[in-house]
Amino acid sequence: LEKSAAPALKVWLADAQARMGDAKAKKRLDGYAGSKDLSIAYKAALALADVSPAGDKKTIARLTALAAREAELNDLAPYAGAVLLTRLARLQHAKAREVLYGILESNDEGARLAGAEGLARLGDQAAQKPLAAGHA
């Protein structure tokens with residue numbers, strides 16, 4: 001089924017299979033994360049991050065490569081950089097959480113909220129104040 005599926009569905013199927021512990025599906029996700037099609041690469045990299053253990057160097061490299069294309073990604077997914085940083089922080093990338101903290105000081109309200117949302121996903125209490133301000 002996956003072989004004949006549209007690219008976006010291939011990512012979806014590989015993601016589901018990888019979440020069920022299929023190591024080959026995880027390898028396929030890694031391949032999709034390297035796609036030249038940015039929408040496919042982004043979705044696959046996020047899925048790959050979700051099924052990868054902390055410190056996974058290959059996954060960190062995939063996410064870091066995509067983060068370098070943040071301006072392009074923002075056309076597909078606003079504030080994609082904060083989403084990538086959240087995944088990187090979960091994987092224990094050395095500087096990702098620090099950058100998320102910096103985003104909380106941004107003049108861009110959307111960026112602040114995206115950074116806070118990412119920190120909230122990580123269980124970081126630093127998210128509380130910006131999220132409360134965004135709700136007011």
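**Entry 1**

I looked up Arg 62 and found it partly exposed, at 26% relative accessibility, where buried stands for under 20% relative accessible area, exposed for over 50% and partly exposed for what lies in between (1.4 Å probe, protein chains only). The model is a predicted one, in which local features need pLDDT of at least 70 and side-chain atom pairs count only at pLDDT 80 or more, while totals for chains, interfaces and linings use all residues. Residues are numbered from 1 along each chain as its sequence is written, and side-chain values use heavy atoms, with hydrogens and water left out.

The side chain of Arg 62 meets that of Asp 30 in a salt bridge at 3.0 Å, N to O (a side-chain nitrogen of Lys or Arg within 4 Å of a carboxyl oxygen of Asp or Glu). Since Asp 30 lies in helix 2 and Arg 62 in helix 4, this pair ties together parts that are 32 residues apart in sequence; helices here are DSSP runs (H or I, at least four residues), numbered from the N terminus.

Asp 30 also forms a salt bridge with Lys 58, with the closest N and O atoms 3.4 Å apart. Here, too, helix 2 is tied to helix 4, across 28 residues of sequence. I noted that Asp 30 is buried at 10% relative accessibility, whereas Lys 58 is exposed, with a relative accessible area of 56%.

**Entry 1: the other salt bridges**

I found 9 salt bridges in the structure. One of them joins Asp 15 and Arg 19 at 2.7 Å, N to O, and these residues are about one helical turn apart because 4 residues separate them in helix 1. Asp 15 is buried, with 16% relative accessible area, and Arg 19 is partly exposed, with 47%. Asp 15 and Arg 19 belong to a network of salt bridges that also links Asp 50 and Arg 87.

**Entry 2: the largest nonpolar core**

I then turned to the largest nonpolar core, which has 38 residues; such a core is a set of buried Ala, Val, Leu, Ile, Met, Phe, Trp, Tyr and Cys residues joined through side-chain atoms within 4.5 Å. Among the members that touch the most others are Leu 29, Tyr 42, Leu 66 and Leu 100. Helices 1, 2, 3, 4, 6, 7 and 8 each give two or more residues to this core, and helix 3 gives the most, with 10 residues. Neighbours within four places in sequence left aside, Leu 66 is in contact with Leu 38, Ala 41, Tyr 42, Ala 45, Leu 73 and Leu 84, contact being heavy atoms within 4.5 Å.

In helix 7 I found Ala 96, Leu 100 and Ile 103 buried. They lie on the same side of helix 7, because their arc around the axis is only 55 degrees, taken from the directions from the helix axis to the C-beta atoms. Their cover includes helix 6 and helix 8.

Helix 6 packs against helix 7 at an angle of about 145 degrees, with the axes 8 Å apart (lines fitted to C-alpha atoms over the stretch in contact, with angles from 0 to 180 degrees between N-to-C directions). Residues making the contact include Ala 82 and Leu 85 of helix 6 and Arg 97 and Val 99 of helix 7.
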